[in-house]
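Subject: Structure handover, pockets

Hello,

Please find the structure below. My notes on its pockets follow.

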Amino acid sequence: MIPLSVPRIEGNEWKYVKECLDTAWVSSAGSYVDAFEKAIAGVTGAGYAVACVNGTAALHVALRLAGVGPGDAVIVPTVTFIAPVNAVRYLGAEPVFMDCDAYYNLDAEKTAAFLDAETEMRDGFTVDRRTDRRITAMVPVHVFGNAADLRELAGLCRERNIKIVEDATESLGTRYLPGTLGGRHTGTVGEIGCLSFNGNKLITTGGGGMLLTDDAAYAERARYLTTQAKDDPVRYVHGAVGYNYRMTNVAAAIGLAQLDRLDTFCRIKRAHFEAYRDGLREVEGLSLAGPPDYASCNHWMYPLQIDAPRYGLDREGLMEALAGRGIETRPVWMLNHLQAPYIDSRSYRIERAHAMWGNTLNIPCSTGLRDDELEAVLDALRTAGRAAGGAG
Ligand SMILES: Cc1ncc(COP(=O)(O)O)c(C=O)c1O
């Protein structure tokens, strides 16, 4: 079996974890958590980094810090893993779903058009005229490692008092190129950004997340809320409803070791992306979606776009054909505005997302993918369409 994405553990992970075990610092206090936070702040350029138990928890706390509360509305993309949308609901708020652009990200032009046509300022807040809900935040997701286009949206949101919480869970290593956002790492443009270190991400802690911000007050509040909001930790006095969301020292030890390899992992991801792209040049009806030209890309996933009539197989057919040859793939997540919990939620002019969902398949992208495995995937892609009667 060639898996879609598996972690690569071959650096100092064993050594650092052994130290946690030898010293019995295994829980959510310990020097590795602090060291990992500092290291992530260093890599991303964020003023502060606060380690969390996972990316979803980081998003939940980030939205709470951004002031999202019951009855509010939050702009989210329909194309994303469901976690940021669920985080909106955890706070009793409602998502407003937006279409995607050519890079699977929140469509910046349509979002601006929505703000222009469907909202107005009332008492210093942007209000959706149709629902009378305050739009307190927006969650752009940097999907598959492609930076969402925040070049205009960041200013627009500032003018309209909409806080930006970036879901950068898939984009560690992706930066805006010099220009409007001047070399900034994804997750550091909005008020708060969130990372994930789940097993399939660029680097892993087993399970983990991180909240990024330049605002000292947000960072302090995030530390407080993620550790049960203790006003007096000895006498168990709590000043707010907090969460048990702090990363463990063992997880942070793994993360710190993984982080040493981030540049290497990004380099390998890029090389595999280029090898796939070159290998598919002559295949009718298949192409690898590239990143936007205003940012670098960590190439977390390799979204393969299928022109079914030309290739001879649609996404489902290709997924099955590859599975038959031991190759694991995944389609884009089902569109969130069509998911059962959100079927009645507000959405705005969702058009392109349907086609992007229908024609895309993510192909194996582990950094440990061997040359012969990559060739086997390419060979399967070259032949599956033709075997089914396509020109491929
Ligand atoms: C876009 C996106 N947001 C949020 C998450 C949630 O992160 P975690 O699994 O660490 O909770 C993930 C992936 O897992 C993701 O891909």
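How much space lies in the second largest pocket? About 200 Å³. This is a predicted model, in which local features need pLDDT of at least 70 and side-chain atom pairs count only at pLDDT 80 or more, while totals for chains, interfaces and linings use all residues. Residues are numbered from 1 along each chain as its sequence is written, and side-chain values use heavy atoms, with hydrogens and water left out.

A pocket here is an open set of points on a 1 Å grid over the protein atoms alone, where a 1.4 Å probe fits, with protein on both sides within 12 Å along at least five of seven lines; lining residues have an atom within 4 Å of a point. A volume is the space filled by probe spheres set on the points, which are joined across faces, edges and corners.

The largest pocket holds about 450 Å³ of space. Its lining has 28 residues, with Phe81, Glu170, Asn200, Lys201 and Trp333 nearest the centre. By class these are 12 nonpolar, 12 polar and 4 charged (Ala, Val, Leu, Ile, Met, Phe, Trp, Tyr, Cys and Pro count as nonpolar, Asp, Glu, Lys and Arg as charged, the others, Gly among them, as polar). Domain 1 (13-259) and domain 2 (262-387) both contribute to the lining, so the largest pocket lies between them; the domain bounds come from an automatic or database assignment.

The lining of the second largest pocket has 7 nonpolar, no polar and 6 charged residues.

Regards
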